[in-house]
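Please examine the sequence and the structure before reading on.

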Amino acid sequence: MTRHLLALALPTLLLASCAAAEAPPQPQPTIEADGALSIPDGYQPGAPIDPARVDCEQYLQMNPPDVRNEAQRLCASSAPGERDRNPYCQIEAITAACTRPAPDAGPALSPAQAVPQAQAAGPKGVTATFEMPVASVELYATAPRLHSEADHENGKALSVHVSEAAHQALAARLGADYTRTLQGKRIRVTGTAQRFHVASFTAGEDNKAFERTVIELRDAADLVVL
């Protein structure tokens, strides 16, 4: 039995519950006591999942970003010809459908629109879809930060702080050097933009402070390259 350490909280897995009733009986994925997902050798999902039949609110609540990112990574690691049979790729398809902005959500906000709106909104920030160029990339700890301005300390920049889990999933989806290939391109990000006061400490220089408008990207599915 192949055992994948993916803490997927959906009981018996949505893949199994949406399979065609006529499908021959087969061993089903199960959730271990420690929360790990266990998939039997040779398991093949039944009919493709129709995202319209999935309760997205429940799905996203029961499958947090780190779980969805891991499913995306496992899907990306499979050969193209195997993706139709890979249950993780079906999880990724549900994630994409459930996180897609609503058709009537209106146009994406530009950095010039997002920054003052986030400042006016206070701590709660502005939740929307944002579109921005990647003018600079800052490597911070184990994950990158994407900025709409070359000088990300000028107060006009909209910055995307990528979580470590989202970083791993994006690297699997876009390639290990995706931060380099993203520079100069436009991205669309769904999330909450919040305004923060940041203190900057640089050796040999006077300390300074600046304002930064940040979107915390916890789920790789919330970032699309245009």
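How do the residues of the lining of the largest cavity divide into nonpolar, polar and charged?

## The cavity

The model is predicted. Its lining residues divide into two nonpolar, two polar and three charged. The residues concerned are R68, Q72, E92, T95, A96, D219 and A221. Helix 3 (65–76) and helix 4 (87–99) are the elements that each give two or more residues to this lining, and helix 4 gives the most, with three residues. The volume of the largest cavity is about 30 Å³.

## Salt bridges

Side chains of opposite charge can pair when their charged atoms come close. The structure holds four salt bridges. In one of them, R186 pairs with E131, with the closest N and O atoms 3.2 Å apart. R186 belongs to strand 8 (residues 186–200) and E131 to strand 4 (residues 126–133), 55 residues apart.

A further salt bridge joins E138 and R212, whose closest N and O atoms are 3.8 Å apart. Because E138 lies in strand 5 (residues 136–140) and R212 in strand 9 (residues 208–217), the pair ties together parts that are 74 residues apart in sequence. E138 is partly exposed, at 21% relative accessibility, whereas R212 is buried, at 5%.

## A buried arginine without a salt bridge

R145 is located in strand 6 (residues 143–147). R145 is buried yet has no salt bridge. The nearest side chain of opposite charge, E138, is 4.3 Å away, and a salt bridge requires a distance within 4 Å. Leaving aside neighbours within four places in sequence, R145 is in contact with residues including E138, Y140, H161 and R212.

Conventions: Residues are numbered from 1 along each chain as its sequence is written. This is a predicted model: local features need pLDDT of at least 70, side-chain atom pairs count only at pLDDT 80 or more; totals for chains, interfaces and linings use all residues. Side-chain values use heavy atoms; hydrogens and water are left out. Helices (H or I, at least four residues) and strands (E, at least two) are DSSP runs, numbered from the N terminus. Buried means under 20% relative accessible area, exposed over 50%, partly exposed in between (1.4 Å probe, protein chains only). Lys and Arg count as positive and Asp and Glu as negative; His and the chain ends are not counted. Contact means heavy atoms within 4.5 Å. On a 1 Å grid over the protein atoms alone, a cavity is a set of points where a 1.4 Å probe fits but cannot get out, and a pocket is an open set with protein on both sides within 12 Å along at least five of seven lines; lining residues have an atom within 4 Å of a point. Grid points are joined across faces, edges and corners, and a volume is the space filled by probe spheres set on the points. Ala, Val, Leu, Ile, Met, Phe, Trp, Tyr, Cys and Pro count as nonpolar, Asp, Glu, Lys and Arg as charged, and the others, Gly among them, as polar.
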